[in-house]
Amino acid sequence: MIRPSYFLSSEELLGVFNLTHTATAIHVTEDAIIQEVNDAMLTIWGKDRSVVGKSLQDALPELKGQPFVDMFKRVWNEGLVISGKDTAAQLEINGEIQTYYFDFEYRAIKDKAGKVICILHTAIDVTERFLKREAMELVAERQAALDREQALNEELSATNEALQKAQNRLNILNTELEDRVSERVKELSESEERFRIMAEGTEIFIAVGDESGNAIYFNKPWMTLTGRSMNELLDFGWSDLIHPEDRDRYIGIYLTALETKTAFAGEFRILSKEGNYRWLLSSGPPRFHSDGTFAGYISSCVDITERKMMELEKQNLSALVDASSEFISLANLDYEMTYANPIALKKLGWDAVANRTILDCVYPEDRDFAQKALSNLLTYGNFRHEIRYWNEKTKKPFWIEWNGIVIKDPISNEFIAVATVGPDVTERKSHQEELQNINEEMAAANEELAATNEELAATNEELAQTHDDLVQYIRKLSESEEKLLQAIETGKMGTWSVNPQTLKVTMSGFVRELLGLEMDEAVSVADIFSAINQDYHQLVAKTLDDAMNRQIPSDTEYIINNLKTGEEKWVRATGKVFLDETGNVAEYSGMYMDITERKLDELRKNDFIGMVSHELKTPLTAINGFVQVLQRKSRLEADEYSSNALEKTHIQIRKMTAMINGFLNVSRLESGKLMIDKTSFRLDELLQETVDETFISPSTHEIILALSCEVVVHADRDKIGNVISNLLSNAHKYSSNGSSIEINCNVKENDVIVSVKDQGIGISKDDAKKLFDRYYRVQSNHTISGFGIGLYLSAEIIQRHDGKIWVESDGELGSTFYFSLPLN
């Protein structure tokens, strides 16, 4: 029979086999020669793939004298299945023979004739489970020994009474009593020793406390975690290592339980010797003497850090879905809705999804079509349509791009739910009808602009007079400088000023104290640079040069080290150049602020964003791989519907990948890890390549590319390509279908200037001022996806090339984005 092309190859199947978490190996011949083994089994053995092709005894010589090799021979020769639970095995790990416990199975695999062709070997490491159970048994055994000791004491009391009555048996009974007491003490010592061996051999954190709440024993994992010795733990404990947010709560739980002599349990974070916090789940049943008196606690703690991190990741992913601007919902196979994100509920005018079906979302006139689409969903697995939903309160319909997906159980591979995802495309639909009206309005606006230009000419004359008035006003403001300085010092900020002719620096006491400078000594620019971190010298020097020579205002953030204490702090310095009446630079001055706390918060946030983005890339890469396999399969089967659906899926994956890469780049940028690798290249060629790679369909937008700058620039080609791609993507998203996007490039003096012009929704003056700030998005009625990081990254990349980036917009007539790069 011909093997279908979409079946996985043997190599691909082995790759999947290698990813399973269950330790698995395949052996042949009675010597158990290893033909294939996955990473999980290699981890148990403590070996690498060099063992493939060897017999089990050659690969693991420490098995000699253990029953496993003989078991393999029996399975091979007799066609048996041999399995075991909690089976001990001596294995050499990192050069040391150690005992581990496993649930295992050796299964003979036979061909159609009943002949054994291989042995399937599976194993699960249950060492921790076994040791936990053994520990519990030892604790119970010790308690039983204590009970026996109590019973013996009572028996001794009765014996003493009997001795008083029978004096003649005193010597014999005393001897007998001493022997029995010695035996009981020996048993108790042995039981305690077994408890200690068990406690020291487990990864569970075990501690014993007396009836007063004082600790009398800690096992080795406690010392490993805290970095404290047994004596230090007994003398000082570990409550000071509990996270400040958890300390009072957990200690309260323990003290309440101690007061009532009842069991306690709780979760808390504890500082490890490495300096990071680990989550522990603690529980402690009370101990009682045989007479019923309280003896204290035996507490055990389990490290649940990984579980807590997974819970946090799930919360973040849930928050991401809830914050999405797209319509997202889940339903069971009867189309009864189980979830809808907040934007979906808002658009539908619902308070909840209880007793709702997917068809309730659909505008009544479109429900017959929706019913047919849903009935085909279980057959084809997905669909994509444009359909009208409606708001139940306002009775108004709205259009969405309706994408349906069937979700399978990963174990049984059976359908378990239906998911629908879709953006609101009402605006796109209405844009097509409004386009003609907009063109007419634009013509009228052009006439208005001509009249406005005449008004601007008159306004310029008024501005000239206003400038003279401002000069006089500035002089008056200088008279209030002393009062202003006092107010600034009160606000924990400082002022500074540089004389452009002498470069003499004057600054307030706050700035001197922050930099570690003497209060009564003259300060030069060189003194300030000696306090600035070496990595920021070039940035500050360029800022000073731009201010003195080009009168550019400054706003920079950098690290300083106090010249007296060496303490590292983040500061923000803002500055402005003031001109005299003749237009020459008279003063360069500004504010100095300590922003250490804010900056550290930003760095911690960026580390978190980078970590989450990195973790998101792994499943997204896997999804991308599966989609590509399905695309190849659909093309081979000439399944046009599936090919179109998978192409849309692939586009969405690319968007999600670009978004995650954006978050990673923000994290790298804020942590100083965004590297600029400059090379020489033709800018016009890069523009053409970027346009070709954007995949903007000619049916939606017309691209006008004017290759009028055949120049070579020295820059990071990939980073500049990302800037151009981001500007094109924004022009595509924020402009109507059928409109044009114009790209121009020209040389002006020593700079090359690239512009991307669209006919989109335009940008207000207030938005334009903040457009390149991190996470800033234009506030409008348009529902367009994004997180406000693309333009921020673009601005940072251009600035690191000593270039400029800006935007010009004519309100509703579209926008033009510019960036410049130096040619030298």
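Which residues of α22 are buried? I opened my notebook with that one.

**Before I start.** I am working with a predicted model, where local features need pLDDT of at least 70, side-chain atom pairs count only at pLDDT 80 or more, and totals for chains, interfaces and linings use all residues. I number residues from 1 along each chain as its sequence is written, and side-chain values use heavy atoms, with hydrogens and water left out.

**Entry 1: helix α22.** I found the buried residues of α22 to be K719, I720, G721, V723, I724, N726, L727, L728, N730 and A731. Buried means under 20% relative accessible area, exposed means over 50%, and partly exposed lies in between (1.4 Å probe, protein chains only). The helix label comes from DSSP runs: helices are H or I with at least four residues, strands are E with at least two, and both are numbered from the N terminus.

I then looked up the extent of α22, which covers residues 717–733, 17 residues in total. From first C-alpha to last it reaches 24 Å, close to the 24 Å expected at 1.5 Å a residue. That expected span is 1.5 Å times one less than the number of residues. A reminder to myself: an α-helix has 3.6 residues a turn, so residues three or four places apart point the same way.

What covers the buried residues of α22? I noted α21 (683–693) and α24 (790–799) among the helices, and β25 (712–715), β26 (739–748), β27 (751–757) and β29 (815–822) among the strands.

At the start of α22, I saw a side-chain oxygen of D716 within 3.2 Å of the backbone nitrogen of D718.

**Entry 2: α21 against α22.** The two axes come within 10 Å and cross at roughly 50°. Axes here are lines fitted to C-alpha atoms, for helices over the stretch in contact, and angles run from 0 to 180 degrees between N-to-C directions.

Where do they touch? E685, L686, L687, E689, T690 and V691 of α21 meet R717, I720, G721, I724, S725 and L728 of α22. Contact means heavy atoms within 4.5 Å.

**Entry 3: T582, buried or exposed?** T582 counts as exposed because its relative accessibility is 62%. I located T582 in the loop between β21 (568–579) and β22 (585–594). Its side chain makes polar contacts with the side chains of D580 (2.7 Å) and N584 (3.0 Å). A polar contact is a pair of N or O atoms within 3.5 Å; within protein, one must be able to donate a hydrogen and the other to accept it, and residues adjacent in sequence count only if both atoms are side-chain atoms.

**Entry 4: S497.** I found S497 in strand β17 (residues 493–498), and at 12% relative accessibility it counts as buried. A polar contact of 2.7 Å joins the side chains of S497 and E587. Setting aside residues up to four places away in sequence, S497 touches K504, V505, T506, E587, Y588 and S589.

**Entry 5: L63.** L63 sits in the loop between α3 (56–59) and α4 (68–78), and at 5% relative accessibility it counts as buried. Beyond neighbours within four places in sequence, L63 is in contact with L56, F68, Q90 and L91.
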